[in-house]
Amino acid sequence: VNICSLTSTLPVIPYRKLTDLHYISKGGFGTVFRAQHSDWRTTVAIKCLKLDSPVGERERNCLLKEAEVLHKARFNHIIQIFGVCNEPEFFCIVTEYMTNGSLDEILLSNAQLRILYEIALGVNFLHNMTPPLLHHDLKTQNILMDGEYHVKIADFGLSKWRQLSITKGSSSKPAEMGGTVIYMPPEEYEPSKNRRADVKYDMYSYAIIMWEVLSRRIPYEEATNPMQIMFSVLRGSRPDTGLDSLPADIPSRETLINLMTCGWTTKPDERPSFLKCLIELEPMMRRFDEIDFLEAVLVVKRSKYMRP
Ligand SMILES: CNC(=O)c1cc(Oc2ccc(NC(=O)Nc3ccc(SCC(=O)O)c(F)c3)c(F)c2)ccn1
């Protein structure tokens, strides 16, 4: 990656401007902190190469690539990059800080529909880039919420040296050990021959996220190990769409279940595109006006406030 071309369009942030670092998460080669920017007077998130390990050229390039990808993929439902900090002893990308954390920590009331709609808008934008940018690691941990519970797609991607999908046709990442398999489509369990199906990978993950948001449960929570899940998924079993998992009071329940079951179907080609998914979701969104969502967010904020 040409650092000059990148930093000519992206602010370079001196490390001395980043203060009050608080640890958030870490993986094989990256660590994420919350920090304050001393000039901008705002909270930011920084994704750094591991401070102790010698910053390998390969890892540095990977993070530069990620900065380039995020810079190209600017959209209102993709996490926003503010700049890079590129100093010999410290290298990180600086993004907005999402105060309400990731979807796996919060379960909202009927703002669920807006969350599912905004996730689809974000992924659809990535798929509309040239060449299409495939996420291939959609999971509730990578869906971040801002102060008003609006969605931004992220990719913490810390645990593996990731070949960012923008550089190659296929961004197949080895099945993460310790990562979760529930969002991985069965055709990816063993690196498949035909890479064509790639574009339908994200829709499978999205269908599982739909079920998780609407049921407010962990898919396959009864399973004791990932292999069990993979075998049953290969045999065609999917999360339960009955009334005890997806209650009758879910608005447009039938359409959402239909979207979910098409999305997680075994044959990748039979899964809908995100465009088709959005066209199905749009009429539902029109039925809910802004007040409904503000009221739902208020309920969550009040409950969060009451929390001891
Ligand atoms: C409570 N709040 C928090 O804890 C918090 C933490 C936080 O930390 C980060 C999380 C993720 C990233 N990086 C990232 O998202 N990169 C990325 C790369 C590619 C694609 S799209 C194609 C593909 O996936 O390959 C994409 F959508 C995203 C980061 F830099 C910082 C940010 C905000 N809030």
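Lys26 stands opposite Thr31 of strand E2, a handy place to start reading this predicted model. The pair belongs to a stretch where E1 and E2 (residues 30-37) run antiparallel, joined by six bridges. Stepping back, these two strands are part of an open sheet of five, ordered E1-E2-E3-E5-E4 and paired in antiparallel fashion. Strand E1 (18-26) and strand E4 (81-87) sit at the edges, each pairing on one side only.

Next come the cysteines. A disulfide is a covalent bond between the sulfur atoms of two cysteines. With a cut-off of 2.5 Å between sulfur atoms, the count here is zero. Cys48 has the sulfur of Cys92 as its nearest cysteine sulfur, 4.7 Å away, and is in no disulfide. Cys48 also counts as buried, because its relative accessibility is 1%. For Cys277, the nearest cysteine sulfur is that of Cys262, 10 Å away, and again there is no disulfide. Cys277 is buried too, at a relative accessible area of 0%.

What about the inside of the protein? In soluble globular proteins, nonpolar side chains tend to be buried together. In this model the largest nonpolar core has 77 residues, and those with the most contacts inside it are Ile119, Tyr206, Leu256 and Leu281. Helix H4 is the top contributor to this core, giving eleven residues.

Helix H3 is worth a look of its own. Its 16 residues reach 23 Å from the first C-alpha to the last, close to the 22 Å expected at 1.5 Å a residue. Of these 16 residues, 15 are buried, so H3 is largely enclosed by the rest of the structure.

Most residues other than glycine have a negative phi, and most peptide bonds are trans. Against that background, the peptide bond from Thr130 to Pro131 is cis, with omega near -10°. Pro131 is found in the loop that links helix H3 (112-127) to strand E6 (143-145). Two residues stand out for their phi. Tyr220 is not a glycine, yet its phi is positive, at about 55°. This tyrosine lies in the loop between helix H4 (201-215) and helix H5 (226-234), and Tyr220 counts as buried because its relative accessible area is 9%, below the 20% cut-off. Ser252, likewise not a glycine, has a positive phi of about 55°. Ser252 lies in the loop between H5 and helix H6 (253-263).

Terms used: Residues numbered from 1 in each chain as written. Predicted model: local features only at pLDDT ≥ 70, side-chain atom pairs only at ≥ 80, totals over all residues. Heavy atoms only, no water. Pairing = 2+ DSSP bridges. Helix = DSSP H or I, 4+ residues; strand = E, 2+ residues; numbered from the N terminus. Buried < 20%, exposed > 50% of the residue type's maximum accessible area, 1.4 Å probe, protein only. Core = buried A, V, L, I, M, F, W, Y, C linked by side-chain atoms within 4.5 Å. Expected span 1.5 Å × (residues − 1).
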